[in-house]
Amino acid sequence: STSSDDGNNDEKFLVIAGNGHFLHYCGVPERVLDENPKLVDDSCLVISASTYEPLEDENDLQKELKVRYGDSGSNPADYIYFYHMSEEDDDEIAIKEETRKAYDKVGESAALPGNALKAAWIMYSMGYSEEQFNAAGSDVYNFQGVGNPHIHANIRRGERVLDVGSGLGIDSFIATHATGPEGEVIGIDISAKEVSHAQKRAEASGLTKTSFQVADMEKIPLPDESIDVIISNGAFCLAPNKKKAFAELFRVLKPGGRISVCTTTTKMENLEEGVTWPLCMRMFVAQKELQPMCEEVGFENIIVDDTDSAMTMELPEHVLLNANPERNRVHVGGDDFKHLENYDMDAICARVCVSAYKPLLNAKSPSDLFPRTR
């Protein structure tokens with residue numbers, strides 16, 4: 001703040017808060033104005049609100065204002081910004097929120113000991129090597145995934161790697177081992193509690209070039225053409241707008257960069273109607289849609305590898321004995337889905353790994369054509 005020559009304070013305030021604190025000057029605004037009454041005549045309140053129906057003209061606008069805020073004179077704000085949101089957009093927000101809450105719950109118990117032997121069986125079955133298993137660290141039981149993205153990623157030393165939907169960090173730590181101290185690994189996930197756990201693990205292990213942050217895969221907080229290779233293990237299963245997510249991967253990849261995305265798909269275009277399917281299955285993309293989707297985004301040399309597609313995995317009984325009941329899980333079954341026990345999931349779904357490259361024709365400098373690691 002500064003003072004003018006006549007001694008008057010010309011301090012200005014910008015207050016940002018949620019609608020609950022803004023509407024009708026309740027909460028934050030009134031506190032500011034109570035402390036600074038001279039600002040009342042010089043203040044301006046702006047709020048925003050979503051609407052499912054487009055407001056075509058003044059009559060539509062006035063009707064919407066009356067429905068939301070009452071008759072003229074109710075004074076909800078000086079300016080109201082309405083933005084159109086489709087029901088599809090609203091559904092996507094709800095799905096992301098449900099996903100975030102589910103995985104936050106998993107993150108809450110991630111520090112509790114788990115079943116490393118079970119993780120070893122699963123990872124071995126998916127093609128992880130002993131070296132990769134050991135690189136995952138002491139809490140390898142926090143492995144989350146539907147496949148092995150490292151097979152097609154072929155991460156090399158010195159590369160900058162992005163792990164989309166990094167969860168509790170297991171695949172990120174394996175990537176860190178592959179890229180070495182010369183490289184860098186960035187993990188993003190929608191769950192703040194899983195990100196917090198993974199970041200603490202990285203710091204405790206002294207991995208200064210491995211970091212995690214909360215982010216949406218449809219809005220990756222990284223510059224264009226800044227990543228050499230992208231891995232993802234299961235996150236795309238629950239992405240509401242998969243084409244938008246693939247477009248974001250394409251944007252942040254350097255020319256010649258590659259992706260290796262493990263996800264679960266449906267073998268049919270639509271699931272059987274009249275059946276209650278879990279959220280994850282409702283979000284699965286049809287397997288046949290993946291290649292054309294990636295082509296539309298701009299990827300080339302696209303492979304949808306379904307050589308390890310089985311949904312079922314038989315584990316010896318002794319492997320399951322050491323489960324910790326205090327650890328939270330996402331997929332725990334329940335009475336709501338008992339009817340699915342009669343379905344052959346291998347006939348309905350398939351686990352796949354999508355690998356693809358960003359064309360070198362997108363190169364904008366000699367370093368894009370002759371990167372140090374290629």
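Select Lys358 first, in the loop between strand 10 (349-357) and helix 14 (366-369); helices (H or I, at least four residues) and strands (E, at least two) are DSSP runs numbered from the N terminus. This is a predicted model, in which local features need pLDDT of at least 70 and side-chain atom pairs count only at pLDDT 80 or more, while totals for chains, interfaces and linings use all residues. Residues are numbered from 1 along each chain as its sequence is written, and side-chain values use heavy atoms, with hydrogens and water left out.

At 3% relative accessibility, Lys358 counts as buried; buried means under 20% relative accessible area, exposed over 50%, and partly exposed in between (1.4 Å probe, protein chains only). Display the side chain of Lys358 together with the backbone oxygen of Phe250, which it reaches at 2.8 Å. This is a polar contact (a pair of N or O atoms within 3.5 Å; within protein, one must be able to donate a hydrogen and the other to accept it, and residues adjacent in sequence count only if both atoms are side-chain atoms). Then show the residues in contact with Lys358 (heavy atoms within 4.5 Å). Leaving aside neighbours within four places in sequence, these include Glu225, Arg251, Leu253, Lys254 and Phe299.

Next, select helix 10 (242-252). Its buried residues are Lys242, Ala245, Phe246, Glu248, Leu249, Phe250 and Val252. They pack against strand 3, strand 6, strand 7, helix 11 (279-283), strand 8 (285-286) and helix 12.

Which residues of the largest nonpolar core touch the most other members? Of its 31 residues, they are Leu162, Ile230, Phe246, Leu249, Ile259 and Phe299. The elements that give two or more residues to this core are strand 3 (160-164), strand 4 (184-189), strand 6 (227-233), helix 10, strand 7 (253-266), helix 12 (290-297) and strand 10. Helix 10 gives the most, with five residues. A nonpolar core is here a set of buried Ala, Val, Leu, Ile, Met, Phe, Trp, Tyr and Cys residues joined through side-chain atoms within 4.5 Å. In soluble globular proteins, nonpolar side chains tend to be buried together.

Centre the view on Leu162. Leaving aside neighbours within four places in sequence, Leu162 is in contact with Ile186, Ile188, Ile220, Leu222, Ile227, Val229, Ile230, Ile231 and Val252. A second, separate core of 19 residues can be located through Cys237, Met281, Leu340 and Cys349, which are among its members.

**Salt bridges**

How many salt bridges does a search of the whole structure find? There are 17, each a side-chain nitrogen of Lys or Arg within 4 Å of a carboxyl oxygen of Asp or Glu.

Select Asp216 and Lys96, whose closest N and O atoms are 2.6 Å apart in a salt bridge. Asp216 lies in the loop between strand 5 (210-214) and strand 6, and Lys96 in helix 4 (residues 87-108), so that the pair links parts of the chain 120 residues apart. Lys96 is buried, with a relative accessible area of 18%.

Move to Glu159 and Arg258, whose side chains meet in a salt bridge (2.7 Å, N to O). Glu159 lies in the loop between helix 7 (150-153) and strand 3 and Arg258 in strand 7, so this pair ties together parts that are 99 residues apart in sequence. Glu159 and Arg258 are both buried.

Asp224 lies in the loop between strand 5 and strand 6, 27 residues from Arg251. Arg251 counts as partly exposed at 23% relative accessibility, whereas Asp224, at 51%, counts as exposed.

**Helix 5**

Now select helix 5 (residues 116-125), where Ala119, Ile122 and Met123 are buried. They lie on the same side of helix 5, because they cover an arc of only 95° around the axis; the arc is that of the directions from the helix axis to the C-beta atoms. The buried residues of helix 5 pack against helix 6 (130-135) and helix 8 (170-179).

Inspect both ends of the helix. Asn115 caps the N-terminal end of helix 5, with a side-chain oxygen 3.2 Å from the backbone nitrogen of Leu117. Just after helix 5, Gly127 takes a positive phi of about 95°.

**The whole protein**

The protein has 14 helices and ten strands, and buried residues make up 42% of its 374 residues. Among contacts between residues at least 6 apart in sequence, 75% join residues at least 24 apart.
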